[in-house]
Amino acid sequence: VSGGVVRALLVGTASITAQVGGISSPPVTVTVSAGAPAQLGVRTNPDRAASGIAFFTQPVVEIRDAAGNVVPASALSVTAAIGTGGGTLSGAATVTATSGVAMFSGLTISGLAGPRTMTFTAAGVTAVTSASFTLTFGNPAQLAIATAPVAGTAYAPFTTPAVVNAVDASGNTVTSYTQPVTVSIATGGGTLGGTVSVTAASGVATFFDLTINGTAGARTLTFASGTLASVTTSSFNVAAAPPAVIAFSSGMATVSSTAIGATLAVNPAAASVSVVNTGVFPLTNLRVQSVTYNPLLPTGWLAATFPSGTSAPATLRLTVTSATFALGTYAAVVVVAGDGANSTASLTVTLTVAPQSINTFGTAATKVSLLAIGSSITPGVVTTLASNGAVTTTDPAVTFVSRGPAIASVDA
C-alpha cells in the first residue's frame with residue numbers, strides 16, 4: 001500500500017481492510033489476475049539427452065507477467081534454440097503456448113557429447129535460458145579409425161596397432177558397444193596374420209598382433225562390425241620382410257650307449273632337437289642338406305628326419321642306425337637348410353660308446369701271492385658295472401698252480 005493505492009503482485013483472491021486507530025473498515029474482496037506477458041520462465045528443464053535421440057525429459061516453458069505469474073490468456077509462439085555447446089537441434093523447435101504454457105516434444109540435439117544449455121524466445125517478452133545438462137553418446141552407427149595402423153615389415157606385427165571405435169552418427173564413441181570387429185585387406189593383396197576379429201571393449205577394438213603376410217607394397221584395411229557402417233584406412237606401406245634364420249634349441253646333441261664286448265650292442269634312443277625361426281620371413285621346407293662324420297669311418301650311422309612337418313617350428317629327430325661301433329666317441333655334423341632362409345645352420349651330434357661291464361681278477365689283496373711249488377691260488381673273476389663299480393655277476397673261479405721256482409704275473 002502506498003498513498004492509499006494497493007498494488008497486487010501474485011494472482012489470486014485477497015480480502016483487504018483499512019484500519020485507523022481502533023476503527024476498521026468492512027473487508028473488500030479483490031481478485032488479482034495476471035498482467036501483460038513480460039517474460040519467459042522454464043518450468044521443466046531439458047534433461048537426459050543423447051546425441052541424435054529425443055530428450056527423455058522435454059522442456060516446458062511458461063509465459064509470465066512482470067511479477068512471474070503465468071499468463072493463461074497468452075498464446076505466444078515460443079522458439080527453442082541451442083544456447084551453448086553447439087550441435088544441431090531437430091524436432092518441433094517452435095510451439096504455440098496453450099493457457100500460457102509451451103510444451104515441447106521430440107526435441108533432439110545431434111553433436112559431440114558434452115554440456116549444453118537451451119534458450120527460449122518469444123516476440124515482445126524477455127527470453128530465458130535453461131539449466132545446463134549433459135549430452136551423451138547416441139546409438140552406434142558406424143566404425144571410425146581412432147589410430148591408423150603403421151606397418152613395419154611383412155610377417156611382423158604392426159609397429160603401431162590399429163585402433164577402431166564404434167561411434168554414433170556424430171562421432172561420439174559408444175562406450176556400451178561390445179560386439180566383435182573384424183578386419184580384412186581392402187587393397188594390396190596378401191593375407192592377414194594374428195587376431196583378425198577383436199571384441200570391442202567400451203566401444204574400442206585394438207588389433208595388437210596384426211600382421212600382413214605377402215610382398216612389400218601399399219595396403220589398405222577395412223574394418224566391419226554387424227550392421228554398423230564399415231571404415232577403410234588410408235593407404236600405408238609394408239616393407240619387405242628380413243629373411244628367416246634357422247636356429248636350434250641346442251647347438252649340440254648327445255646320444256650315448258653301452259657296449260657288450262668290443263662293439264655297440266644296442267642302438268641308443270633317438271634324440272630330438274627343436275628347429276625354430278629367429279628371423280621374420282616364414283621358414284618352410286626344412287631339410288637335411290648334408291651329414292659329415294668324424295672319424296670318417298664308420299659312415300652313414302646317423303639318420304636326421306623331420307617327423308612332424310617341415311615348417312618352423314619343427315622337430316629334428318636324430319637316430320643312430322648302426323650298431324657296428326667299437327668303444328669310443330663319434331661325431332656327426334648335420335647341416336639343415338630351409339626355404340626363406342639365406343643361410344644354412346649346423347648341428348653337432350656326439351655319440352659315445354662306453355663299456356657296459358669291466359672284468360677283473362681278484363681283489364687287491366690277492367693280486368700278488370707267493371706260492372710254494374705245487375701250491376695253487378684262486379683269486380676269482382669280478383664283474384662290475386662301468387657306470388658305478390657295482391658287482392653284477394659271480395663268475396667261476398680260475399685256479400693257478402705253481403709248477404716251478406719262478407715268478408710270473410697274471411693280468412686280467
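Not counting residues up to four places away in sequence, Arg116 touches Thr84, Gly85, Gly86, Ile109, Gly111, Ala131, Ser132, Phe133 and Leu135, contact meaning heavy atoms within 4.5 Å. The model is predicted, with local features requiring pLDDT of at least 70 and side-chain atom pairs counting only at pLDDT 80 or more, while totals for chains, interfaces and linings use all residues. Residues are numbered from 1 along each chain as its sequence is written, and side-chain values use heavy atoms, leaving out hydrogens and water.

**Setting of Arg116**

- Arg116 lies in strand 13, residues 114–121; strands are DSSP runs (E, at least two residues), numbered from the N terminus.
- Arg116 is buried (under 20% relative accessible area, 1.4 Å probe, protein chains only).
- Arg116 has no salt bridge (a side-chain nitrogen of Lys or Arg within 4 Å of a carboxyl oxygen of Asp or Glu); Asp168, the nearest side chain of opposite charge, is 9.4 Å away.
- Its side chain reaches the backbone oxygen of Gly86 at 2.7 Å and the backbone oxygen of Gly114 at 3.4 Å.

- Four strands form an open sheet in the order 26-29-32-31, with antiparallel pairing (two strands pair if DSSP finds at least two bridges between them).
- Strand 26 (246–248) and strand 31 (302–305) are at the edges with a single partner strand each, so one side of each is left without a neighbour in the sheet.
- Strand 26 pairs with strand 29 (residues 271–277) in the antiparallel sense over 3 bridges, and Ile246 stands opposite Asn277 in strand 29.

Definitions and conventions:
Buried < 20%, exposed > 50% of the residue type's maximum accessible area, 1.4 Å probe, protein only. Lys, Arg positive; Asp, Glu negative; His and termini not counted. Polar contact = N/O pair within 3.5 Å; in protein donor to acceptor, adjacent residues only side chain to side chain.
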